[in-house]
Protein chains: 2
Amino acid sequence: MRSSQLFTKTTKNVPADETARNAQLLIQAGYVYKVMAGVYAFTPLGLRVVENIKQIVREEMDAISGQELIMSSLQKRSTWEATGRWDDDVVDIWFKSKLKDGTDVGFGWSHEEAIIEMLKQYLSSYKDLPINVYQFQTKLRNETRAKSGIMRGREFVMKDMYSCNLDAEQHEKFYQATIDAYMRIYDRLGIGEDTYVTFASGGAFTKFSHEFQTVCDAGEDSIYLGKDKNGRTIAVNEEVGDDETLADLGVKREDLKKVKSAEVGNIFNFGTQKSEDTDFTFTNEQGEKQFVHLGSYGIGITRVMGVIVEKLADDKGLVWPEAVAPVKVYLARLGDTPDVTDLADNIYDELTSKKVAVLYDDRDVRAGEKFADADLLGIPYRVVISSKTIETGSFEVKARASGETQLISRQELMRQLGA
Amino acid sequence: MRSSQLFTKTTKNVPADETARNAQLLIQAGYVYKVMAGVYAFTPLGLRVVENIKQIVREEMDAISGQELIMSSLQKRSTWEATGRWDDDVVDIWFKSKLKDGTDVGFGWSHEEAIIEMLKQYLSSYKDLPINVYQFQTKLRNETRAKSGIMRGREFVMKDMYSCNLDAEQHEKFYQATIDAYMRIYDRLGIGEDTYVTFASGGAFTKFSHEFQTVCDAGEDSIYLGKDKNGRTIAVNEEVGDDETLADLGVKREDLKKVKSAEVGNIFNFGTQKSEDTDFTFTNEQGEKQFVHLGSYGIGITRVMGVIVEKLADDKGLVWPEAVAPVKVYLARLGDTPDVTDLADNIYDELTSKKVAVLYDDRDVRAGEKFADADLLGIPYRVVISSKTIETGSFEVKARASGETQLISRQELMRQLGA
C-alpha cells in the first residue's frame with residue numbers, strides 16, 4: 001500500500017468532541033471515522049486491524065470445534081418474548097422499528113435467543129451434541145451515553161459463541177477449554193500478560209460468571225488482584241468483592257491490590273435455565289426429553305481494539321503489536337533522487353512479493369512529517385531509505401514499541417522482517 | 001469438516017412458506033436458516049459460500065485500486081437530508097428508530113450519502129484524486145414483500161463501491177475498468193457466459209446506467225438480447241427498450257430476443273450531480289473549487305449467491321461452481337470396517353493437509369442417503385470409499401455438474417483434486 005494512494009490522512013488536531021483517548025488517536029491516525037457518538041466507520045487501516053483481531057479469534061474458536069455462522073440483525077418479537085427480553089423495561093438498549101404491515105422488529109443487541117431458536121430446528125438427539133457455534137456480528141445497542149470511543153459503542157463488532165452440551169460435565173469441559181482459548185487469544189493480541197480470568201456476578205443459574213479483565217487505566221471496571229492460598233493468581237471484580245465472597249475464595253482484602261481494568265471478554269454458564277425458559281431440549285439415549293446445558297462466550301472485537309490502543313499507545317501515538325498491526329513495515333523514502341526512489345521501490349516490491357505487508361510512504365513531504373506519521377500510525381517497524389543510508393550501505397530500522405534503532409544490511413533487514 | 005460434527009442437517013421437506021427455489025434448496029441443504037420473510041441467517045456451509053463470493057469480488061476490486069473499508073449501519077438524519085433522501089416519500093424502504101434522547105436514526109439501506117460525508121473529511125486537493133472505496137455491508141431495507149428468497153431480502157450483504165474522479169475523462173476510464181472487473185467476477189463465479197452488460201435507465205445525469213443481467217428464468221427482469229450492426233452483443237433492459245432507444249443503439253426489436261434475467265450488478269455515473277447536491281468539492285491546480293465526478297458500483301453478494309443457485313441447480317439439488325463451493329470434495333465413506341475407515345480417514349487427512357477443503361461424510365447412514373446429500377449439497381466432487389472400491393484398488397470420483405463418474409488411482413485422485 002502506498003501512502004500517496006491511501007485516501008485517509010493523519011491530523012495533529014485532537015478531535016474536540018472525543019474524550020476517549022482511543023477514539024482521539026484512531027481518528028487522528030485515520031483508522032476510524034466518527035459517524036455519530038458511539039458509531040464509527042473503519043477506514044482501510046482500521047478495517048485491517050479489526051480483521052486481524054477477528055482472524056486470531058476465529059482460529060482459536062475453530063481450534064475448540066467452534067462452527068462459524070452469521071445470524072441476522074433483524075429480530076422477531078416472538079423470539080425474545082419467551083425469556084421476557086423483548087420488553088424495554090427488561091432490556092433498555094433495543095433499537096426497534098416496524099415492517100410496512102406494522103409487525104414489530106428489533107435490531108440484534110445480542111443473539112442468544114435467536115441462536116437457540118435456530119438450533120431448535122437442527123437439534124433433536126443426544127447424538128447431535130455437543131454443538132458450538134459462533135459468529136462475528138455487528139451489534140446495535142441504544143446506549144444512553146457513548147463516551148468511551150470504540151470501547152463501548154452503539155454499533156460494534158462482537159464475537160459471540162454458544163455451546164450446547166448434554167450435561168454439566170460436558171459443559172464444564174468446554175467451558176474450561178474456552179477459558180484456555182481466550183487466554184491464548186489475549187496472548188496473541190499482545191495483552192495476555194495483563195489480562196486475568198476474573199470472578200464476576202453470575203446469573204440465575206450460577207453464583208459467578210467469568211470475565212476477562214485487562215489492567216488498563218481507561219477501563220470502566222475495578223478488580224481485586226492477588227494470590228490465593230495456593231499461590232495462584234486470582235482476580236475478582238469489585239462488584240462481587242464483598243467480604244463473604246473473598247472469604248469463600250480464600251483470600252483477604254488486605255492481600256489484594258485494587259486496579260482499574262477493562263473487560264475484554266465474558267463467559268456465562270446458563271446451566272439449563274435458558275433452555276427451560278425457551279423449551280430447548282433433546283432426547284437422551286433412554287428416549288427422555290432433556291434440557292440442553294447452555295453457555296455463552298463473548299469477545300467485543302472493536303472493544304478489544306480500543307483496549308489495545310489505550311494500553312499500548314504512548315505520547316507519540318498508536319503502538320500495535322505485530323499480530324494486529326494493519327501492516328508490519330512503514331517504509332519511509334526520504335528524498336526523490338533516482339537512487340533513493342529505485343532502492344525504495346525495489347525494497348517495497350521485494351517485501352510485498354514475500355507477503356510482508358508494507359505501507360510505503362512515497363509522498364513528497366519532509367522527513368519529520370514521515371517520522372511523525374510512522375509513530376502516530378503505530379506500525380511495528382519503520383525502515384528509512386535515504387541518500388545517507390545508501391552511502392553507508394545499510395538500512396535504518398526502528399522498532400516502534402521499544403524505540404530501538406539499528407543500521408543493518410539488506411540481507412539482515414529481510415531476515416528480521418521475516419521476508 | 002466432518003458431517004458428524006456439522007450441526008446443520010439436510011431435509012427432504014420443501015419449506016411450505018417459501019416459493020423461491022433458491023430459498024427452498026438452501027434451507028433444505030442447510031446453507032441458510034430463515035429468520036423471517038426476507039431475512040436469513042447463513043449457517044456454516046452458507047457462510048463459506050458468501051465468503052468465497054466476497055473474496056473473488058474483493059480481489060477484483062483491489063486490482064482496480066479499490067480501498068476496502070466498512071461504514072456503519074446507523075445513519076444520521078442530516079446525512080441524508082441534503083439530497084432529500086431521508087424523506088419516506090422519496091425513499092420508502094428506510095428502517096428508522098430513535099436514540100434515547102429522541103434523535104432520529106436510520107439503518108443503512110444504501111451508503112452513498114454517508115460515504116460522501118466521510119470522504120469530505122479527507123479530500124481537499126486534486127492531488128488526492130482519484131479515490132475508489134468499497135465495502136461489504138449488511139443493508140437493511142424495509143421491503144413490502146419478500147418472496148424471492150435471498151435474491152431480494154430485507155437484510156442482505158452488498159458490495160458497494162464509490163469512485164471520485166477529477167473530471168469526466170478520468171471517471172470514464174475507471175467506469176470502463178469496473179465493467180471489465182465485473183465481467184471477470186461473473187466469469188470466476190461461473191455465470192459469466194450468460195451475464196450481459198445491459199443498458200438500463202439512467203439518473204438525473206445520464207440517459208443510461210449499466211446493469212449486469214444474468215439470463216435466468218427466476219429473474220425479475222426482462223432484457224432484449226442481440227447483436228448491434230458491428231456484430232457486438234448488446235443487451236437492453238426492457239424498461240428502456242422503446243423504439244427510439246433501440247434506434248439510437250442501432251438495433252431493431254425484431255432482431256432481438258427477449259429473455260428473463262436477474263440483475264447481478266449495477267453501476268451508475270452520477271457526473272457532478274450528487275456532488276453538487278452535497279457540496280462535495282476539491283481544489284484544482286488553479287486553486288478553483290470543483291465538483292467531484294462520482295460513480296457508484298454495486299454487487300448484491302447474497303443476491304448473486306441466489307442467482308447461482310437458481311441458474312445451476314438441477315432436480316437433485318444445488319450445483320456450486322468450484323470457486324464458490326463451501327468445500328471442493330464430498331468424501332463419502334460407505335461402511336465402517338477398519339479398512340474402509342482407515343483409508344477414508346487417511347484420504348481426508350491428506351486432502352486437508354494439502355489445503356483441499358473436504359466435507360467428510362463419516363456418518364453411519366446408508367449409501368443412498370450419503371449420495372442424496374452429496375447431490376443436494378452441490379459439492380463439486382464426490383469421492384466414494386467402500387470395500388468395493390478398495391477391492392478394485394481405485395477411487396470413485398463423480399463430478400456434480402456433469403454427473404461423470406471415474407474410477408481412478410490414488411495418485412490420479414490427488415492430481416485431479418489439486419492436492
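In helix α8 of chain B, the residues I301(B), T302(B), R303(B), V304(B), M305(B), G306(B), V307(B), I308(B), V309(B), E310(B) and K311(B) are buried, where buried stands for 20 or more other C-beta atoms within 10 Å of a residue's own, the C-beta atoms being placed from the backbone. This is a predicted model, in which local features need pLDDT of at least 70 and side-chain atom pairs count only at pLDDT 80 or more, while totals for chains, interfaces and linings use all residues. Residues are numbered from 1 along each chain as its sequence is written, and chains are lettered from A and ligands numbered from 1 in the order in which they are written.

**Confidence**
- The model scores ipTM 0.96 and pTM 0.97.
- Chain A has a mean pLDDT of 96, with 100% of its residues at 70 or more; pLDDT is the predictor's confidence in each residue, from 0 to 100.

**Chain A**
- Chain A has twelve helices and 21 strands, which are DSSP runs (H or I of at least four residues for helices, E of at least two for strands) numbered from the N terminus.
- The C-alpha trace of chain A spans about 80 × 60 × 45 Å along its principal axes, and 47% of the 419 residues of this chain count as buried.

**Helix α8 of chain B**
- Helix α8(B), residues 301–312, reaches 17 Å from its first C-alpha to its last, close to the 16 Å expected at 1.5 Å a residue, the expected span being 1.5 Å times one less than the number of residues.

**A sheet in chain B**
- Five strands of chain B form an open sheet with mixed pairing, in the order β18-β17-β19-β20-β21; two strands pair if DSSP finds at least two bridges between them.
- The edge strands, β18 (358–361) and β21 (405–408) of chain B, each pair on one side only.
- Strands β17 (residues 329–333) and β18 of chain B run parallel and are joined by four bridges, and A332(B) stands opposite D361(B) in β18(B).
- Helix α9 (residues 338–353) of chain B packs on the sheet, touching β17, β18 and β19 (381–385) of chain B, and its direction makes about 165° with that of β17(B); axes are lines fitted to C-alpha atoms, for helices over the stretch in contact, and angles run from 0 to 180 degrees between N-to-C directions.
- Helix α10 (residues 367–377) of chain B lies across β17, β18 and β19 of chain B, at about 175° to β17(B).

**Contact between the chains**
- Chain A and chain B each bring 42 residues to the contact, with residues in contact if their C-beta atoms, placed from the backbone, lie within 7 Å.

Methods: A residue is buried if 20 or more other C-beta atoms lie within 10 Å of its own, exposed if 12 or fewer, and partly exposed in between; C-beta atoms are placed from the backbone. Two residues are in contact if their C-beta atoms, placed from the backbone, lie within 7 Å.
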